[in-house]
Amino acid sequence: MKSICFALLLLAPLQTIAQVSLQEKIGQMLMVAYTNSASKDTLLKDISERYLGGVILFGANLQNPAQMSALTDELQSLVPRYDLFIATDQEGGQVARLRAANGFTSTNSANTTGNVWNSVDSTRVQAARMAGWLESVGINVNLAPVVDVNTFQFSPAIGALGRSYSPDPAVVTAHSEAFIAEFTARDIATAVKHFPGHGSARADSHLGFTDITSYWVPYELDPFRDLAESGTLDMVMTGHLMLRTWDTDYPASLSSVAITDKLRGELGFRGVVISDELFMGAIKNNYSFEHAIIQTIRAGTDILLYNTNLRDGTSLVRQVTDVVMQAIADGELDESMIEASYRRILNLKVKRNITSVERVISELPASIELHQNIPNPFNPETVIRFTVGTQDLASVRTRLAVYDLLGREVMVLVNSSLPAGEHQVTFNASMLPSGMYLYRLESNGFAVTKKMMLVK
C-alpha cells in the first residue's frame with residue numbers, strides 16, 4: 001500500500017498542491033536545530049507559523065527517553081499541515097546522539113563493525129537496536145550511514161573518528177545496505193553521506209575550506225552509485241568538498257555539476273538531497289549568507305540544514321524564506337526549483353509514513369470530481385465517471401488518462417472540450433497486463449488521481 005501512495009503523489013499534478021503557498025513550500029525545505037529555551041520558543045513559532053519542515057536534534061536536546069518522546073510529540077503537535085522530519089545523527093561510535101549518557105547504551109563505530117570485525121551481521125544487529133531507539137522516541141530521520149570510503153585513515157572528520165566502514169567500497173556498500181534496511185523496516189528515513197566522498201579529505205569542512213581534488217579517487221562514488229541503483233536511498237547528504245575536476249567555482253554542496261549532473265544525472269538518484277550543515281566553516285567563511293542559500297538551491301538541493309534556528313537573535317527560518325522569495329522575485333531562482341524540491345520532500349514523508357497522502361493532496365474544488373471506477377477490480381472493462389466545470393462554464397477542456405505505477409502513460413481516454421457537468425467513459429484494458437493502474441483527470445486548471453486494479 002505504501003508504494004501505491006508514493007506513486008499517487010508522484011503523479012499528483014502541480015495543481016493539486018498549488019493551493020499551498022510559496023512560503024510553506026520553502027519552509028518544508030528547511031531543517032534547523034535549537035539550542036536553548038529562547039530559541040525553542042522561536043522554533044515553535046517556526047513550526048506553527050512559518051511551516052518549518054524539519055528539526056535536527058543534537059545531544060543537548062536529548063536528556064532521557066521520556067523527555068525525548070515528550071519533545072517530539074510537542075513538536076509534531078504544532079504542524080499546520082505536514083508532520084515534521086525529526087532527525088538526528090545516529091551512526092554509532094563517537095557520532096551517536098542516543099547513548100549511555102542519556103538512557104541508552106554505548107555503540108560501536110562503523111570502523112569497528114566494518115573494518116575490524118568485518119561483520120555485516122554486527123552492523124545489522126546494532127542498526128536494528130538503534131532504529132528501535134529512534135522509533136521509540138519519535139525520531140523519524142537518521143542522518144546516517146556514512147558511506148565515505150576510508151581512503152585516508154587519518155582524515156580528520158572521517159577516518160580519524162572511525163566513521164567509515166572500510167577502505168574497500170564494496171564492503172562499505174554491504175554494511176550500509178544492512179544499516180539502511182533496519183531503519184527502513186521501522187519507517188525511519190536515512191541519509192547517506194557525504195557525497196561525493198569525504199574519506200580522502202586532509203581537512204575538516206567543519207572548520208574551513210576542504211579541497212579533495214588531489215586525493216579523491218573515482219571509486220569513492222561506488223557506494224553512492226550502488227545504493228542508488230538498488231533503490232534503497234531516501235536521502236543523500238552532500239559534503240562541502242571542492243572537487244575541481246568537477247567544478248572550479250563551488251564545493252559539491254553548492255554545485256549543480258555535482259548534484260544535478262553527477263548525482264541525479266549519472267548516478268540516477270531520484271530522492272531527497274540534503275546539504276551538510278550550512279554554517280560550517282567551509283561555507284560561512286567563503287560565501288555570504290544569501291549567496292550560500294541561493295546557490296545551494298540552484299544546485300539542486302532539496303533540504304537546507306542549519307545547526308541553529310536563530311541568526312542575529314531572530315528566526316533563521318524567516319530570514320531564509322525571505323531570501324528565497326526575494327531571489328525568485330528577482331529572477332535569481334526559478335519557482336519550479338522550489339516546487340520540485342517540495343514534491344520530493346513530500347514524496348519521502350509519505351513513503352516513510354511520516355505524513356499521510358491524504359494530508360498532502362489538498363481537497364479539490366467543486367469544479368472537478370473524479371469517482372472511483374466501477375467495477376473495481378475489473379476485467380477487462382470498467383466505467384469511470386467524472387464531473388467537470390461549474391454552472392458558469394459552457395464547456396471545459398478536459399483530459400483523462402491512464403498510467404502505470406511508474407508514471408508512464410498507457411492510454412488517453414479523453415482529450416477534448418466537454419460540456420460542464422457529469423460524464424462517463426468505458427476503459428477497456430484487454431491489451432494490458434494485470435496490475436494496479438492510476439487514472440488522472442485534468443480540467444479547468446485542476447487535477448485529481450485515483451487508482452484501480454486490473455485482474456485477469
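At the start of helix H10 (residues 256-266), a side-chain oxygen of Ser255 lies within 3.2 Å of the backbone nitrogen of Val257. The model is predicted.

**Helix H10**
- Buried residues of H10 are Ala258, Ile259, Lys262, Leu263 and Arg264.
- These residues span an arc of only 165° around the axis, which places them on the same side of H10.
- An α-helix has 3.6 residues a turn, so residues three or four places apart point the same way.
- The partners of the buried residues of H10 are strand E7 (189-195), strand E8 (235-238), strand E9 (272-275), H12 and helix H14 (335-351).
- After H10 comes Gly268, with a positive phi near 75°.

**Helix H12**
- Helix H12 (residues 289-299), one of the elements against which the buried residues of H10 pack, is itself mostly covered, with eight of its eleven residues buried.
- The buried residues in H12 are Phe289, Ala292, Ile293, Ile294, Gln295, Thr296, Ile297 and Ala299.
- Gly300 follows H12 and has a positive phi, near 115°.

**Helices H4 and H5**
- Helix H4 (residues 37-50) and helix H5 (residues 65-76) have axes that come within 9 Å and cross at roughly 45°.
- Roughly parallel would need an angle under 35 degrees, and roughly perpendicular one of 65 to 115; H4 and H5 are therefore oblique to each other.
- On the H4 side, the contact is made by Lys40, Leu43, Leu44 and Ile47, and on the H5 side by Leu71, Glu74 and Leu75.
- Five of the residues in the contact of H4 with H5 are nonpolar and two are charged, while none is polar.

**Ser109 in its loop**
- Ser109 sits in the loop between strand E5 (95-96) and helix H6 (110-116).
- The relative accessible area of Ser109 is 13%; because buried means under 20%, Ser109 counts as buried.
- The side chains of Ser109 and Thr112 are joined by a polar contact of 3.0 Å.
- Apart from neighbours within four places in sequence, the residues in contact with Ser109 are Gly92, Gly93 and Gly162.

Methods. Residues numbered from 1 in each chain as written. Predicted model: local features only at pLDDT ≥ 70, side-chain atom pairs only at ≥ 80, totals over all residues. Heavy atoms only, no water. Axes fitted to C-alpha atoms, helices over the stretch in contact; angles between N-to-C directions. Helix = DSSP H or I, 4+ residues; strand = E, 2+ residues; numbered from the N terminus. Parallel < 35°, antiparallel > 145°, perpendicular 65-115°, else oblique. Contact = heavy atoms within 4.5 Å. Nonpolar A, V, L, I, M, F, W, Y, C, P; charged D, E, K, R; others polar. Buried < 20%, exposed > 50% of the residue type's maximum accessible area, 1.4 Å probe, protein only. Arc of directions from axis to C-beta. Polar contact = N/O pair within 3.5 Å; in protein donor to acceptor, adjacent residues only side chain to side chain.
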